[in-house]
Amino acid sequence: MIGSSLDPRSKLIVLLAATCVLMTFHRWFELAIALGILLIVTLLLHLGLAWLGLLKGLGFAAFTFFIVAGLAFDLATAVLAALRLLSIGTAFFLFFQTTSPEALSNALIKTGAPYRALRYFPALAGPLLIQAFQLADELAEAMEARGFGAPGRRFRYEPNLRLLDWAIMIGSIAAALTVIFI
Amino acid sequence: MILRFDKVSYRYPGMAAWAIHDLDLAIHPDESVLVAGASGSGKSTLCRASIGLVPHFHRGELTGRVLLGGLDTRQHPVYQLFRYASLVFQNPDAQLFNHTVEAELAYGLESLGLSPSDIEERLTWVEKLLGLESLIRRLPHTLSGGEKQRVALAAVLALRPRILLLDEPFTHLDPEGAEQLRSTLRLIRSEGIAFIIVEHRLHEIITDVDRLIVLHQGEMKIDGSPRQVLSGDISTYGLNLPPLVRIFRALGWEKTPFSVQEALREMDANHLSPQIVLNFQEQNSIVAGPAPSAYRPVVEAEDLWFHYKDRPVLCGVDLKLGQGECVALIGRNGAGKTTLAKHFNGLLRPNRGSLKVFGLDTRKTSASKLARHVGFAWQNPNDQLFRTTVREEVLTGPRVLQAYDPAWCNRLFERLGLGPLLDRSPFSLSEGQKKRVSFAAALASQPGLIIFDEPTAGQDDPFRRELAQLIHELQREGRTVVLVTHDLEFAARHASRWLLLAEGHMIADGPPDALMANPTAMAKAGLRPTQRFQLIQTLKEKTKE
């Protein structure tokens with residue numbers, strides 16, 4: 001398969017270049033064409049199903065981006081933002097699907113990157129993540145068992161507005177009004 | 001009745017097998033119940049189902065009905081159920097989630113919606129009950145394992161539940177910690193709170209419970225008083241029986257003694273001959289270490305000192321380990337056992353003094369070179385796993401070290417029953433299977449010295465037997481085995497020599513029987529002789545008279 005026969009370093013350069021190009025596109029059809037090409041490559045590499053899996057998360061992120069940009073700016077910006085996220089996401093997806101972390105770190109080490117940091121990282125990143133998820137899951141269970149989410153929760157140190165608090169609040173509002181109107 | 005299971009079956013999402021099956025159970029207020037069973041028998045699931053975490057948190061399929069305080073757990077969320085039943089989880093590192101101990105204790109009370117003054121009252125009560133006054137401002141992650149567990153217990157006890165569940169609470173405790181937990185549980189009982197305790201090490205708690213339930217493959221097999229249950233036929237359930245009961249059973253005697261005095265009384269009353277026990281002990285005593293003439297040193301430490309920052313951990317340790325020996329490193333949590341063991345494979349290096357392993361000075365030899373000779377199986381196998389398949393996990397070491405011998409590794413896979421698991425992810429395995437993978441990984445480079453850190457913690461009886469056999473095989477092959485353990489019964493049976501550590505000092509070194517007969521050294525290391533040893537000693541004295 002061509003994707004995995006390329007040297008990880010050349011693929012990395014392609015990825016960086018593609019990302020730069022995608023960042024410079026400011027018209028929707030440019031981004032749409034780029035995304036189309038990336039998807040064709042995805043299909044040629046038989047990664048279509050995996051990409052659909054990715055879309056669950058990436059699609060949601062792009063949709064959120066679309067809504068936020070649409071509300072904050074306008075429709076055109078929203079379309080651009082969503083398309084850009086999708087195409088850059090797909091480019092990274094292609095890179096990582098065709099390059100194992102070990103292959104990448106080995107290639108970088110050959111180029112003279114620091115050995116220890118890079119060799120440990122891919123070996124440790126996976127288990128660390130898995131352990132982090134396991135721990136998070138166990139903690140969530142422990143929280144649940146101590147009434148997490150119970151309605152009517154009270155606090156040991158409940159915030160309490162005393163006379164001083166009221167005085168300071170009223171005073172500052174009054175000061176602001178004075179400055180504005182006088 | 002505080003807790004009731006009516007024909008309850010449950011399976012986790014995506015699993016075909018039932019974790020618990022057709023379970024009927026009724027727990028009354030004031031009862032204390034011990035739940036026993038081999039790994040995977042459904043003990044933890046029973047705990048989770050009791051407080052509604054199964055099915056609410058874990059999803060999956062539940063049939064039948066669990067009633068907690070009269071509430072059907074399926075119809076009520078966990079935040080309504082948690083006031084009736086509390087669970088102390090197995091892993092002490094994964095149940096504290098606040099920034100101080102104080103906040104930890106208050107969390108559940110805040111969930112209950114109590115007023116600040118009621119919260120204060122409960123906090124004072126629970127701090128005093130469990131003696132936590134000195135820990136109250138500490139950060140949870142700086143506590144020791146035993147302290148974390150005590151805080152977790154306090155945090156749920158403050159809720160004054162009607163029933164308390166504890167999932168394998170003795171696993172990580174040293175003998176003194178275990179004694180402290182027992183007295184805490186007695187206090188809790190005196191407060192009128194029922195408890196269910198899940199435990200492999202039956203002898204830790206058997207005298208403090210009035211009911212014993214045995215689970216096997218998700219089904220309840222026996223339910224009765226501890227004596228009733230243990231005098232029945234329980235050989236197929238993988239239980240780690242109390243040591244004296246084990247001796248009596250091996251001799252074909254029906255009685256179930258839980259203490260040495262009881263065993264002596266039963267023997268007197270039933271005219272059972274002490275000599276039979278002594279002969280039995282003689283036949284079952286372990287193979288002695290290598291003969292002095294064949295002694296070849298593997299580890300030689302002289303005046304070894306080590307400190308973490310300013311805190312001294314090892315203070316002038318002298319020791320020698322010979323080829324083919326099985327040695328146990330014993331002492332309190334924090335006595336320096338694991339720190340010493342980490343010196344053997346070069347993970348740590350002495351600040352002062354010298355240490356030679358297979359003739360190599362560890363201060364001048366790289367850890368990777370030592371790894372060729374020294375295998376290390378960690379207490380928690382999750383800390384050791386890092387590859388995507390079991391095969392990779394085991395073979396990475398020998399490949400990197402250029403010590404890969406396919407025949408040896410295949411034999412290892414077969415020996416540890418890993419054949420069918422080779423292509424699976426080590427993270428997807430059960431804890432017992434993970435432990436086996438970690439053993440295989442530690443042995444894969446054919447090391448001459450192998451260190452097992454708490455190998456029996458949380459393991460059932462079949463696993464212990466297998467481990468014992470493995471140790472003897474390794475010894476026969478001329479390998480040296482170091483056990484780091486709190487499990488004195490196991491260490492007394494399978495190690496020919498004990499090294500007692502106390503506050504970084506090697507306070508005694510010798511055969512287990514000699515050390516157990518030395519009350520000063522034992523007390524200094526926070527230990528008491530095993531029940532088996534006490535019985536044998538008393539019988540020996542008796543036969544002399």
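User: Which residues of α14(B) meet which ones in α16(B)?
Analyst: On the α14(B) side you have B:Val390, B:Glu393, B:Val394 and B:Gly397, and they meet B:Val437, B:Ala440 and B:Ala441 of α16(B). Keep in mind that this is a predicted model.

User: OK, and what classes of residue make up that contact?
Analyst: Five are nonpolar, one is polar and one is charged.

User: Is the crossing left-handed or right-handed?
Analyst: α14(B) and α16(B) cross in the right-handed sense.

User: Switching to strands: in what order do the four strands of the open sheet in chain B come?
Analyst: The order is β2-β1-β4-β5, with antiparallel pairing. At the edges sit β2 (20-27) and β5 (71-72) of chain B, each pairing on one side only.

User: How many bridges join β1 and β4 of chain B?
Analyst: Seven bridges, in the antiparallel sense, between β1 (residues 3-11) and β4 (residues 61-68) of chain B. In one of the pairs, B:Arg11 has B:Glu61 in β4(B) as its bridge partner.

User: Which helix packs on the sheet?
Analyst: Helix α1 of chain B (residues 43-50), which touches β1, β2 and β4 of that chain. The direction of α1 makes about 120° with that of β1(B).

Technical notes:
Residues numbered from 1 in each chain as written. Chains lettered and ligands numbered in written order. Predicted model: local features only at pLDDT ≥ 70, side-chain atom pairs only at ≥ 80, totals over all residues. Left-handed = near helix turned anticlockwise from the far one by under 90°. Helix = DSSP H or I, 4+ residues; strand = E, 2+ residues; numbered from the N terminus. Contact = placed C-beta atoms within 7 Å. Nonpolar A, V, L, I, M, F, W, Y, C, P; charged D, E, K, R; others polar. Pairing = 2+ DSSP bridges. Axes fitted to C-alpha atoms, helices over the stretch in contact; angles between N-to-C directions.
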